Amino acid sequence: MESNDLFICIDHVGLAVPDLDEAVKFHTEVFGWRELHREVNEEQGVAEAMMGTGEQGEENGKIQLLAPLNENSTIAKFISKNGPGMQQLAYRVADLDHVSEVLKERGMRLLFPEAKRGTGGSRINFVHPKDARGVLLELVELPKDAVEH
């Protein structure tokens with residue numbers, strides 16, 4: 001990676017779904033993805049499943065299925081307004097604090113003043129979609145004990 005690169009790769013694409021079990025079944029049976037990880041994030045109000053395919057395992061380019069835990073969660077509001085579908089694009093970063101500072105210096109607003117806990121113990125933040133040309137852009141720093149490819 002070049003020293004001026006902010007991003008390592010596309011980590012995942014987040015899809016808002018009304019029913020997590022149904023969405024996992026659909027992506028497994030129709031598209032051949034497999035469930036890599038599942039968890040509930042109470043703070044963000046979501047149940048989520050990370051889906052991978054082929055020999056990929058935990059490497060790049062996963063699909064994250066996000067279902068609301070209640071009607072007040074961000075995902076519930078997204079589905080109510082837009083219907084199910086692509087909710088976010090996530091870029092993997094090596095150092096979330098550094099990338100956040102660089103993006104703020106370049107005029108980007110972040111949704112949280114400090115990093116939050118994401119899937120599997122990752123550290124995350126989001127670039128405001130109005131600053132990222134209509135895309136909710138998630139920044140993901142994997143836990144230090146995770147394998148990067």
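**Strand S8.** I began with S8, where five of the five residues are buried, so the strand is largely enclosed by the rest of the structure. I keep in mind that this is a predicted model. Next I checked which way the side chains go. Leu-137, Leu-139 and Glu-141 point one way from S8, while Glu-138 and Val-140 point the other way. Both sets are buried, the two glutamates Glu-138 and Glu-141 included. I noted beside this that side chains in a regular strand alternate between the two faces of the sheet.

**Neighbours of S8.** What does S8 pair with? On the S5 side I found four bridges in the parallel sense. One pair I looked up there is Ala-90, whose bridge partner in S8 is Glu-138. With S7, strand S8 runs antiparallel, and five bridges join the two. Here I picked out Asn-125, which has Leu-139 of S8 as its bridge partner.

**The whole sheet.** I then traced the strand order. It reads S2-S3-S4-S1-S5-S8-S7-S6, an open sheet of eight strands with mixed pairing. The edges are strand S2 (34-41) and strand S6 (116-117), each of which pairs on one side only. I also looked at S1 and strand S4 (residues 62-68), which run parallel and are joined by five bridges. Within that pairing, I logged Leu-66 in S4 as the bridge partner of Ala-16.

**Helix H3.** Which residues of helix H3 (residues 96-105) are buried? My list has Leu-96, Val-99, Ser-100, Val-102 and Leu-103. Looking down the axis of H3, I see that its buried residues fall within an arc of 165 degrees, so they line one face of the helix. I asked what covers them, and the cover includes strand S7 (123-127) and strand S8 (137-141).

At the start, a side-chain oxygen of Asp-95 comes to within 3.2 Å of the backbone nitrogen of Asp-97. Just after the helix, Gly-107 takes a positive phi of about 90 degrees.

**Aromatic pairs.** How many aromatic pairs does a search of the whole structure find? I get three. Phe-7 and Tyr-91 make one that is tilted, 4.6 Å centre to centre with 55 degrees between the planes. I noted that this pair links distant parts of the chain: Phe-7 is in the segment before strand S1 (9-16), Tyr-91 is in strand S5 (residues 85-92), and they are 84 residues apart.

I have Phe-26 as partly exposed, with a relative accessible area of 36%. Phe-31 also counts as partly exposed, at 49% relative accessibility.

**A charge over a ring.** Last, I looked at Phe-112. The charged end of Lys-116 sits over the ring of Phe-112, 4.7 Å from its centre.

Conventions: Residues are numbered from 1 along each chain as its sequence is written. This is a predicted model: local features need pLDDT of at least 70, side-chain atom pairs count only at pLDDT 80 or more; totals for chains, interfaces and linings use all residues. Side-chain values use heavy atoms; hydrogens and water are left out. Rings of Phe, Tyr and Trp (its six-membered ring) pair if their centres lie within 6.5 Å; planes under 30 degrees apart count as stacked, over 60 as edge-to-face and the rest as tilted. Buried means under 20% relative accessible area, exposed over 50%, partly exposed in between (1.4 Å probe, protein chains only). A charge sits over a ring if NZ of Lys or CZ of Arg is within 6 Å of the ring centre and within 35 degrees of the ring normal. The arc is that of the directions from the helix axis to the C-beta atoms. Contact means heavy atoms within 4.5 Å. A polar contact is a pair of N or O atoms within 3.5 Å; within protein, one must be able to donate a hydrogen and the other to accept it, and residues adjacent in sequence count only if both atoms are side-chain atoms. Two strands pair if DSSP finds at least two bridges between them.
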